[in-house]
Amino acid sequence: MPTGATKKKKYNYVWVSAIILVFGIFAVNEITKTLKKGTVVETDRMSAVPQQSKLGYVISNGKKREVPNFSFLNQDSVLVSNKDYLGKVYLVEFFFTTCPTICPIMTQNLVELQDTFNEYPEFGVASFTINPRYDTPRVLKKYASKYSITDQDWHLLTGDRDSIYTLAQEGFYIVANEDEDAPGGFEHSGMFALVDKDGYIRSRDDQHGNPMIYYRGTITEKQGVNKEGEAQQITMLKEDIQKLLLEE
């Protein structure tokens, strides 16, 4: 027959078990709510350290590739230069407002990134129009409003056409030119360049250990894969932006 001490010990075990059970139910409930909200995918993934601990530099002629000097008017008719981006992690794209194909998707992805990093004042975007004759500051302002571009460090830039083309082709090695056979009359790349706080182009390595250089901007996270079997790279871009924002 159990003694009083034995009964007391059993009661203690019962209380401990009950407490563990209650906290277990609470934890499962919180995890379930988190999964329903999708925050495991968004916040937990963003805080995780990617396998590649540090993003590589893009090397040309033995030197780290740096963003060349530029100076253009933005959607508010304010002159913006590469120096205004120093201290910020930013993305570079080349687009035009009347683009009938990839530009709306690229802008959608950039808005997604804008909203993801809206609490980081060190994040920005530089969007250079390749149709500056049409894309005046007023036109760019309307475009910004249409797509809910609200980040004060997201500048839609316009100016001398040849200077923009030189910046694209010689500064970033990105295709940008007029082509009457291309949709909308212009040929351009659907890639994003990622620039660090010191003005250097950065990227993660590919499966062969070489820098990817650019990130595919024409496929959304929701879409996943396009008709050609190419995978979206917005998820990895979010991770890499986060890494550069935290880099000293």
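**Core and helices of a predicted model**

Among the 53 residues of the largest nonpolar core, Phe-94, Phe-128, Phe-172 and Ile-241 touch the most other members. Strand E6 (residues 89–95) gives the most to this core, 6 residues. This is a predicted model, where local features need pLDDT of at least 70, side-chain atom pairs count only at pLDDT 80 or more, and totals for chains, interfaces and linings use all residues. Residues are numbered from 1 along each chain as its sequence is written, and side-chain values use heavy atoms, with hydrogens and water left out.

Me: Why is this called a nonpolar core?
Reply: Because the term covers buried Ala, Val, Leu, Ile, Met, Phe, Trp, Tyr and Cys residues joined through side-chain atoms within 4.5 Å. Buried means under 20% relative accessible area, with exposed over 50% and partly exposed in between (1.4 Å probe, protein chains only).

Me: What makes Phe-94 a contact of Phe-128?
Reply: Contact means heavy atoms within 4.5 Å. Leaving aside neighbours within four places in sequence, Phe-128 has such contacts with residues including Phe-70, Phe-94, Leu-157 and Ile-164.

Me: Which residues of helix H5 are buried?
Reply: In H5 (residues 161–171), they are Ile-164, Tyr-165, Leu-167, Ala-168 and Gly-171. Their cover includes strands E4 (71–73), E6 and E7 (123–129). Helices (H or I, at least four residues) and strands (E, at least two) are DSSP runs, numbered from the N terminus.

Me: What caps the N-terminal end of H5?
Reply: Asp-160 does, with a side-chain oxygen 3.4 Å from the backbone nitrogen of Asp-162. A polar contact is a pair of N or O atoms within 3.5 Å; within protein, one must be able to donate a hydrogen and the other to accept it, and residues adjacent in sequence count only if both atoms are side-chain atoms. After H5 comes Tyr-173, with a positive phi near 55 degrees.
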